[in-house]
Amino acid sequence: MREETVFLRLGPFTAALTTPFENVVEQLRRLYPASFFKPGADFADFHVALLPGKGLRRYARKQARFLIDGQEHFKPLPVGQALPLVEWGLNYAIAGLAHQYLIVHAAAVEKNGKVAIFPGAPGAGKSTLCAGLIHRGWRLLSDELALIRRQDGKVAPLARPVNLKNQSIDLMRSFAPAAVFSEAARDTAKGTVALMRAPEESLARIDEPAPPGWIVFPQWRKGAPARLENFSRPAGLVEIAHNAMNYSLHGAQGFELLAGIFADSGCYRFTYGDLNEAASAMNALAAA
Amino acid sequence: MTGTLTLSQNDAIEAGTWRLSPRVRWRLWDDEAVAYNDVSGDTHHFADFAAWVFARLCQKPESAAGLAREAKTSVELRSDETHDAVIGRTLELLWRLRLIEKAAA
């Protein structure tokens with residue numbers, strides 16, 4: 001297996017990924033536009049590697065290891081999960097190293113010049129909601145990490161493949177039949193996982209940050225009608241601070257940044273059970 | 001951290017005037033408050049009566065007695081406790097969180 005290094009654009013960052021796994025590089029080329037690959041780049045923010053398992057794992061029940069700057073931060077995974085391992089590993093690298101941003105564990109989408117930020121615990125339905133909205137007129141900024149710029153509170157785009165899990169995969173295949181998906185990786189720690197390519201408009205506007213307009217705490221509930229309710233901004237600020245990866249690192253500046261965002265944004269709780277209804281409710285909010 | 005703080009005679013809640021600690025940043029929205037303590041790095045959310053007391057201290061330093069006088073005319077309590085008792089308990093909480101301190105006499 002011959003290693004190759006690809007330089008891949010991730011929003012404002014460049015990652016240098018070294019790997020001998022041709023299938024993974026091939027899938028990345030389906031999920032990212034050609035313009036995001038920068039052959040021969042002379043600088044990378046993150047140096048990562050996806051390498052085969054060690055010892056007998058090179059031959060039997062093959063594994064893949066993910067390294068950041070030569071360090072292994074995760075247990076190796078079966079080779080069939082190598083692609084999600086790369087995406088999770090890149091998220092880990094960004095969340096752990098890009099402290100020039102306030103990083104919130106949240107999806108972020110834009111419409112009419114304003115960003116809706118969806119913070120949420122795993123399972124709250126933020127990725128599915130985000131995946132649905134970007135196929136109903138919203139621009140993808142991120143499905144996982146909202147990068148808030150310290151200088152002006154705008155959200156920097158990090159449009160990458162959307163991470164879909166379990167039932168969300170089939171749901172999105174029927175909701176957006178033209179979308180491009182990776183092969184599904186089964187039996188991961190999160191169940192079955194597939195990645196969905198970001199819409200072309202989101203990728204083309206990767207250099208356009210936008211200010212937050214709505215902070216929305218989503219909660220998917222089977223059969224629930226789409227319902228937006230006002231939510232207390234002080235409570236929302238504390239909740240989003242808990243969802244931030246590096247809030248404590250930014251100290252008082254982090255608080256002021258969030259306070260500025262909440263002063264200028266609506267704050268809501270959003271329950272939904274159907275993606276079409278959810279998209280209608282969010283479109284009405286954006287149009288108001 | 002809060003368990004190491006005890007009220008001395010000089011700190012007695014009823015005595016003197018209370019004010020916000022200088023390293024506290026805050027916002028008041030929708031009758032609620034959010035406060036950031038630059039010393040501890042903690043962010044706190046206050047609703048109901050605690051938010052009312054905090055908001056008063058954001059405006060100006062106040063004594064426990066002054067707060068209780070104002071509360072009696074403008075805040076209805078949900079429990080059977082007296083305004084003085086709830087003011088005392090709230091001030092102690094804010095003090096233990098290092099959000100307020102005694103103003104110089």
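Colleague: What share of the 105 residues of chain B counts as buried?

Modeller: In this predicted model, 30% of the 105 residues of chain B count as buried. A residue is called buried if 20 or more other C-beta atoms lie within 10 Å of its own.

Colleague: What is noted about the phi of Asp31(B)?

Modeller: Asp31(B) is not a glycine, yet its phi is positive, at about 60 degrees. Asp48(B), not a glycine either, has a positive phi of about 55 degrees.

Colleague: Let's step back to the whole chain. How many helices and strands does chain B have?

Modeller: Chain B has three helices and six strands. Along the sequence they follow the pattern β-β-β-β-α-β-α-α-β. Among contacts in chain B between residues at least 6 apart in sequence, 58% join residues at least 24 apart.

Colleague: How do you know that S2(B) and S3(B) pair?

Modeller: Two strands pair if at least two bridges are found between them. S2(B) and strand S3 (residues 32-37) of chain B have six bridges, in the antiparallel sense, so they pass that cut-off. Within this pair, Trp26(B) stands opposite Ala35(B) in S3(B).

Colleague: Over how many bridges do S3(B) and S4(B) pair?

Modeller: S3(B) and S4(B) pair over four bridges, in the antiparallel sense. Since at least two are needed, these strands count as a pair as well. Ala33(B) has Phe46(B) in S4(B) as its bridge partner. The hairpin of S3(B) and S4(B) has five residues between the strands, and Gly41(B) there takes a positive phi near 80 degrees.

Colleague: In what order do the strands of the open sheet in chain B stand?

Modeller: The order is S2-S3-S4 in chain B, three strands with antiparallel pairing.

Colleague: Why is one side of S2 and of S4 of chain B left without a neighbour in the sheet?

Modeller: Strand S2 (24-29) and strand S4 (43-46) of chain B stand at the edges and each has a single partner strand, so one side of each has no neighbour in the sheet. On average, neighbouring strands of this sheet are turned by 15 degrees against each other, direction ignored.

Colleague: Which strands of chain B does H7(A) lie across?

Modeller: H7(A) lies across S2, S3 and S4 of chain B and runs at about 15 degrees to S2(B). Helix H1 (residues 48-59) of chain B also packs on the sheet, touching S2, S3 and S4 of chain B, with its direction at about 65 degrees to that of S3(B).

Colleague: Why is H1(B) called roughly perpendicular to H3(B)?

Modeller: The axes of H1(B) and helix H3 (residues 83-96) of chain B come within 10 Å and cross at roughly 70 degrees. Angles of 65 to 115 degrees count as roughly perpendicular, so H1(B) gets that label against H3(B). The residues of H1(B) that meet H3(B) are Phe49(B), Ala50(B), Val53(B) and Phe54(B). Their counterparts in H3(B) include Val86(B), Ile87(B) and Thr90(B). This contact divides into nine nonpolar residues, one polar and no charged.

Colleague: How many residues does the contact take from chain A and from chain B?

Modeller: The contact takes 13 residues from chain A and twelve from chain B. On the side of chain A that touches chain B, helix H6 (233-242) and helix H7 (247-264) of chain A are the elements that give two or more residues. The residues of that side divide into eight nonpolar, three polar and two charged.

Terms used. Residues are numbered from 1 along each chain as its sequence is written. Chains are lettered from A and ligands numbered from 1 in the order in which they are written. This is a predicted model: local features need pLDDT of at least 70, side-chain atom pairs count only at pLDDT 80 or more; totals for chains, interfaces and linings use all residues. Two residues are in contact if their C-beta atoms, placed from the backbone, lie within 7 Å. Ala, Val, Leu, Ile, Met, Phe, Trp, Tyr, Cys and Pro count as nonpolar, Asp, Glu, Lys and Arg as charged, and the others, Gly among them, as polar. Axes are lines fitted to C-alpha atoms, for helices over the stretch in contact, and angles run from 0 to 180 degrees between N-to-C directions. Angles under 35 degrees count as roughly parallel, over 145 as roughly antiparallel, 65 to 115 as roughly perpendicular and the rest as oblique. A residue is buried if 20 or more other C-beta atoms lie within 10 Å of its own, exposed if 12 or fewer, and partly exposed in between; C-beta atoms are placed from the backbone.
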